[in-house]
Amino acid sequence: SSYEYGVAMYEASRRNYESETIDYYLLHALSGEEDIRRRFLDNGLLDFLLEERRLGHIRNLGFSFHGGRDGFDYLMSLHEKYHWDFVQIQMNYVDWTHMESKPDARRREANADYLYSELASRNIPVVIMEPLLGGRLADLPDAVMDRLKSREPRLSAASWAFRFCGSYPRILTVLSGMASMDPLIENVETYSHFQPLTDEEKDFLKVIAGLMADYPTVG
């Protein structure tokens, strides 16, 4: 968490990209006040990055978040001072309202609907990670998949999840890990001919989310 190490990492990125400018630079995996103070504030590293943004070397400066509501509220309280250009959050139709009820006591992370609403109210663009919940929403249990297919046989489970993420207006981009060409083509097709979810379809996914949240799986 030293200033020197952080600056060296930043400069290495610029050399690797062979670019004078980085379009999106994020503070990785913040959880709240103690975290950002220890890693970026007390050592002056955020001041350095803010100056790089002022000089035009960083076009957009933001952070990715893993934590609870109190931690997020603190980071949002810094927006007026630092003017976050974007924030990356975990968001999918299960974690929209079920994140805080997960049985794993180590995960006290805020629901995605809360995170998104706080960002949207401040007009901060949102980057989404885990739109498929680590792949779980692309490969559903048979009983849940049957429920989805009975509604619309032509659509894949993944396309439902991506349409959910894309249906909210402050979304900047949706990140997805793709291991082969077929998912890449399907994801591009989903967004190239994008159909936002209707309110009724969102209600349908709430039912699917409840089934997934209650499904007996190993955490």
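## A quick tour of the predicted model

Of the 63 residues in the largest nonpolar core, F63, W84, M91 and Y93 touch the most other members. Such a core is a set of buried Ala, Val, Leu, Ile, Met, Phe, Trp, Tyr and Cys residues joined through side-chain atoms within 4.5 Å. Helix α9 (residues 157–166) gives the largest share of this core, 7 residues. This is a predicted model, where local features need pLDDT of at least 70 and side-chain atom pairs count only at pLDDT 80 or more, while totals for chains, interfaces and linings use all residues. Residues are numbered from 1 along each chain as its sequence is written, and side-chain values use heavy atoms, with hydrogens and water left out.

A few terms before we go on:

- Helices (H or I, at least four residues) and strands (E, at least two) are DSSP runs, numbered from the N terminus.
- Buried means under 20% relative accessible area, exposed means over 50%, and partly exposed is in between (1.4 Å probe, protein chains only).
- Residues are in contact, or touch, when heavy atoms lie within 4.5 Å.

**The sheet**

- Five strands form an open sheet of 5 strands in the order β1-β2-β3-β4-β5, with parallel pairing; two strands pair if DSSP finds at least two bridges between them.
- β1 (22–30) and β5 (171–174) stand at the edges with a single partner strand each, so one side of each has no neighbour in the sheet.
- On average, neighbouring strands are turned by 25 degrees against each other, direction ignored.
- Strand β2 (residues 58–65) pairs with strand β3 (residues 86–90) in the parallel sense over 3 bridges, and G62 has F86 in β3 as its bridge partner.

**Helices α1 and α3**

- The axes of α1 (residues 3–17) and α3 (residues 45–54) come within 9 Å and cross at roughly 30 degrees; axes are lines fitted to C-alpha atoms, for helices over the stretch in contact, and angles run from 0 to 180 degrees between N-to-C directions.
- Where they meet, α1 brings Y3, G6, V7, Y10, E11 and R14, and α3 brings L45, F48, L49 and E52.
- α3 is largely enclosed by the rest of the structure, because 7 of its 10 residues are buried.
- The cover over those buried residues includes α1, β1, α2 (33–41), β2 and α5 (79–82).
- After α3 comes G56, with a positive phi near 90 degrees.

- W84, one of the core residues that touch the most other members, has contacts including L27, I36, L61, F63 and I124, leaving out residues up to four places away in sequence.
- V126 lies in strand β4 (residues 126–129) and counts as buried at 0% relative accessibility.
- Not counting residues up to four places away in sequence, V126 touches V87, I89, Y116, L119, R170, I171, L172 and T173.
- E109 sits in the loop between α6 (95–98) and α7 (112–121), and at 13% relative accessibility E109 counts as buried.
- Beyond four places in sequence, E109 touches H66, G67, G68, Q90, M99 and E100.
- F194 lies in the loop between α10 (181–192) and α11 (199–214), and at 24% relative accessibility F194 counts as partly exposed.
- Leaving aside neighbours within four places in sequence, F194 is in contact with F162, R163, G166 and S167.
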